[in-house]
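Hi,

Here is the structure I promised to pass on. Have a look, and then read my notes below.

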Amino acid sequence: MKTEEDYAKMTPDELVSAEKKLKSWKMPTALFIGVLTGIAIWSATHNGSSLTYMLVIAAILVENVYSKRLKSIQAEISRRNTVK
């Protein structure tokens, strides 16, 4: 994933475009988190190793990054709409 962008410097059209682009990744992100969780459950039942914990933590981090980016874009759009 790209580094954190400064959404305050983006134009309103760029913000809407970034929001649409990020929302288009909702399903692939959910699928990736589901696969990680499935492998973690399989690992817990068959191996019981630390791989389970690493996969669960990775799934949580992926979800956290996705939701933070989406919320920051939506907050900037909302802030600009209320300023007008």
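In which helix is the place of Leu31? Leu31 sits in helix α2, residues 26–46 (helices are DSSP runs of H or I with at least four residues, strands are E runs of at least two, both numbered from the N terminus).

Before the rest, some ground rules: this is a predicted model, where local features need pLDDT of at least 70, side-chain atom pairs count only at pLDDT 80 or more, and totals for chains, interfaces and linings use all residues. Residues are numbered from 1 along each chain as its sequence is written, and side-chain values use heavy atoms, with hydrogens and water left out.

Overall, the chain has three helices and zero strands, running α-α-α from the N terminus. Its C-alpha atoms fill a box of roughly 55 × 20 × 20 Å along the principal axes.

Of the 84 residues, 26% count as buried (buried is under 20% relative accessible area, exposed over 50%, partly exposed in between, with a 1.4 Å probe and protein chains only). Leu31 is exposed, at 60% relative accessible area.

Now the inside. The largest nonpolar core has nine residues: Tyr7, Met10, Leu15, Ala18, Leu22, Tyr66, Leu70, Ile73 and Ile77 (a core is a set of buried Ala, Val, Leu, Ile, Met, Phe, Trp, Tyr and Cys residues joined through side-chain atoms within 4.5 Å). The elements giving two or more residues to this core are α1 (12–24) and α3 (51–83), and α3 gives the most, with four. A second, separate core of five residues includes Leu36, Ala40, Leu55 and Ala59.

Cheers
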